Structures are given as C-alpha cells and as structure tokens.
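Me: I would like to learn how to read a structure like this one, feature by feature. Please give the general idea each time, and then the case at hand.

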Amino acid sequence: MRRTALFFGSVFIGLTVACASPASLSTEKTTLRLAHNMNESHPIHQSLLHFAELAEEKSEGALTFEIFPNGQLGSEREAIELTQTGAVDATKVSATALESFSPVYALFSIPYLFDGADHYYTVMESDIATDIYDSTADNGFFGLTYYDAGIRNMYTIGTPILAPEDLRGLKIRVQPSETAIEMTRLMGGAPTPMAFGEVYTALQQGVIDGTENNETALTSNNHGEVAKEYSYTEHAIVPDLLIFNQSRWESFSPEEQRILKEAALESSEFHKELWAAETAEAIARAEEMGVTFHEDVDKAAFRASVDPMHQQVKQDPDLAPFYERIQEMRKEGHTND
C-alpha cells in the first residue's frame, strides 16, 4: 500500500530523494504496459510519453513503457478492468469513470465543487487527493497522479446557454455517470449518456443538441464544426488520472517506486503547461471555425440549481468527510478569483 502523500513541487521531490533508500534497481529491463483512449497528438499522450521517458532516464533504462493510445486495448471501462486484473500495468482515465469502483470518485462530478482553478490545484496537490487515490487499492489499483483536463462548459448547436432556462428541452450528451446525469437534469436539460467517440456524429445528425467539455474538444474532436455556441458555465473540473495496478506496484523496490512517483509528478507539472498552450490554441482555432464563446453566463443561477446535489453529498457518510475537507480549503482562501 502506498503511504506517502503525493505532493507537487520541488520541496516534495527534494525531500523524497533525500529520504530514498539506497539504490536497488533491478539489473534486468522491465517493460510496463500503459493504455489510454486519446489520440497521439493529444496533450495527454505527450505527457504520458514524458512520464515514460523520465522513468526510463531516472532508472537508467531499467524501467520502460509500451504505450497503447487510441483505445487500442478497449474502452475506458475496459482499460480500468485490465489494470485491475494486471493485464496492463497502468492506464489514464477520467476520474468520472472510477465512480463504480469507489464512490468517493463521484465527488469530482459534483458541479461547482471547486471555486476555480487555484482551489482545484490546491486540493489535487494535497493529501486529500492521495486519500482518494488510495480508495481503490483493495480493488486492485490506485491513483498515481493526475493530469489537468480543463474546466467543463456547455456547448450547443444553436442556442447559447447563458442561464438554466436556456437548457430547457435540450438533449445534452453527458458521460455515463449518475452524477453527470443528475447535474444536467437539475440544470434543466435532458441528459443523454453517450460514449465520447459518438458525440460528433450525434451532434451532426441532431441526435443531441449539445454536450459539455473543455475547449480542446472543439478542435481535437472537431465538435466545433457542428456546435457553434460555447458557453462558460464552468460547472465542473474533472481530472484525468493515471492509475496503476496494485500488485505490480508492490513488486517494485522502494527505489523503483520512488522513481515512478517522481516521474509521474514531473509529468503532471509538464502537462499543466502543455494543457494551457493547447487550450489557447484550441480557442483560436475554434473561433476560426465560427465558434462563438460566451462569457456572460449566470453562474450563480446554475450553482443554485444544483444545490440539492451538494446537500445530498453532505449527508453521504462516504463522501461527506472528503467534501468537508475540500470545502475547508475553500474557506482558507485557496480560490481562483
């Protein structure tokens, strides 16, 4: 079991290195299998490549990765199950996809859980995140680190979503998550669970009126060719997570574990800059595609509409302790004004 909290920053890394046990790297080369469902031009793929390169470099070639992008080894759910059984060693998944493995992960789908990016980063770089990561250890895997996946907003074919009433009657694609479904229903839309790969065709054919995601989906998945109204509801910040098979992890020496942790943390920091640049580029390209970005959204009305979800979480014995810890960080001033 992992006991060390995953904190970011040079102080943490310096302390980890200083406290590491004597080098105990294997003299044999170990090749690990890592799966994800993004294409090879996506920032996630680039960050995972960076993670693999760092691990190989820090281990002097003892630890290498074979990466399978584009959902080659199956859907996100299938990749989680492969990691759980040890058929693959690690995979990148959305935190939402882990809800059925640990109820605590439902927290990330609660709309307006975070005040903004600063509050989000503070939580994800604290022992709160580590405790959440460890909640699936008995299921055969744990979270090693997170990757920024942006702030989720509503975008539609025709009508800008500036207030909850604008969603009335609209079919909105959501991730296959009970919390995402309930969020959209409370906001006024008609939630339509659907695999991400089906969204473009569904928008094009009018099967759905819109969906919700970060700005990069407009360009990397061409959603901006069909959905021209992007509204900054800023309703959710859902991280991507790198999960690792528990048994495989326990087979590594303390030095190998240290190297993998350090490489993961550094790749997360690398990803932040990559993601920021990708988002800026996506906005510029989407505007060229004819997408209009709407900032004048009544976020207070949207927050009020989903308050029942917050009240429900407060009564949930599994979620309430984590929820209160996250809100305590908000009270301490770790917000994005």
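Reply: Helices (H or I, at least four residues) and strands (E, at least two) are DSSP runs, numbered from the N terminus. Residues are numbered from 1 along each chain as its sequence is written, and side-chain values use heavy atoms, with hydrogens and water left out. This is a predicted model, in which local features need pLDDT of at least 70 and side-chain atom pairs count only at pLDDT 80 or more, while totals for chains, interfaces and linings use all residues.

Me: Is Glu-215 buried or exposed?

Reply: Buried means under 20% relative accessible area, exposed over 50%, and partly exposed in between (1.4 Å probe, protein chains only). Glu-215 has a relative accessible area of 10%, so it is buried.

Me: Which residues does Glu-215 touch?

Reply: Contact means heavy atoms within 4.5 Å. Not counting residues up to four places away in sequence, Glu-215 touches Asn-153, Tyr-230, Tyr-232, Thr-279, Ala-282, Ile-283 and Phe-293. For Ala-282, which is 67 residues away along the chain, the C-alpha separation from Glu-215 is 6.3 Å.

Me: What share of the chain's contacts join residues at least 24 apart?

Reply: The share is 77%, taken among contacts between residues at least 6 apart in sequence. The chain has 337 residues, of which 54% count as buried. Its elements are 13 helices and eleven strands.

Me: How should I read a nonpolar core, and which residues touch the most other members of the largest one?

Reply: A nonpolar core is a set of buried Ala, Val, Leu, Ile, Met, Phe, Trp, Tyr and Cys residues joined through side-chain atoms within 4.5 Å. The largest one here has 45 residues, and Leu-98, Leu-107 and Leu-241 touch the most other members. Two or more residues each come from α4 (117-124), α5 (127-133), β4 (141-147), α6 (178-187), β10 (240-245), α12 (307-314) and α13 (320-331). Domain 1 (2-148 + 239-280) and domain 2 (152-237 + 288-328) both contribute residues, so this core lies between them. The domain bounds come from an automatic or database domain assignment. A second, separate core has 24 residues, including Leu-32, Ala-52, Leu-63 and Leu-242.

Me: What does Leu-241 touch?

Reply: With residues up to four places away in sequence not counted, the contacts of Leu-241 include Thr-91, Val-93, Leu-98, Met-124 and Tyr-146.

Me: Where does Val-123 lie, and what is in contact with Val-123?

Reply: Val-123 lies in helix α4. Val-123 is buried, at a relative accessible area of 2%. Leaving aside neighbours within four places in sequence, Val-123 is in contact with Phe-114, Ile-128, Ala-129, Ile-326 and Met-329.

Me: How do I read a pair of packed helices?

Reply: Two packed helices are described by the angle between their axes and the distance between the axes. Axes are lines fitted to C-alpha atoms, for helices over the stretch in contact, and angles run from 0 to 180 degrees between N-to-C directions. The axes of α2 (residues 43-58) and α10 (residues 254-288) come within 8 Å and cross at roughly 150 degrees. That makes the two helices, α2 and α10, roughly antiparallel. The cut-offs are under 35 degrees for roughly parallel, over 145 for roughly antiparallel and 65 to 115 for roughly perpendicular, with the rest oblique. Among the residues that meet are Ile-44, Phe-51 and Leu-54 in α2, and Leu-260, Phe-270 and Trp-275 in α10.

Me: Which residues have a positive phi without being glycine?

Reply: Two cases are Asn-70, with phi near 60 degrees, and Glu-234, with phi near 45 degrees. Asn-70 lies in the loop between β2 (63-68) and α3 (76-85), and is partly exposed at a relative accessible area of 41%. Glu-234 is in strand β9 (residues 229-236), and is partly exposed at 33%.
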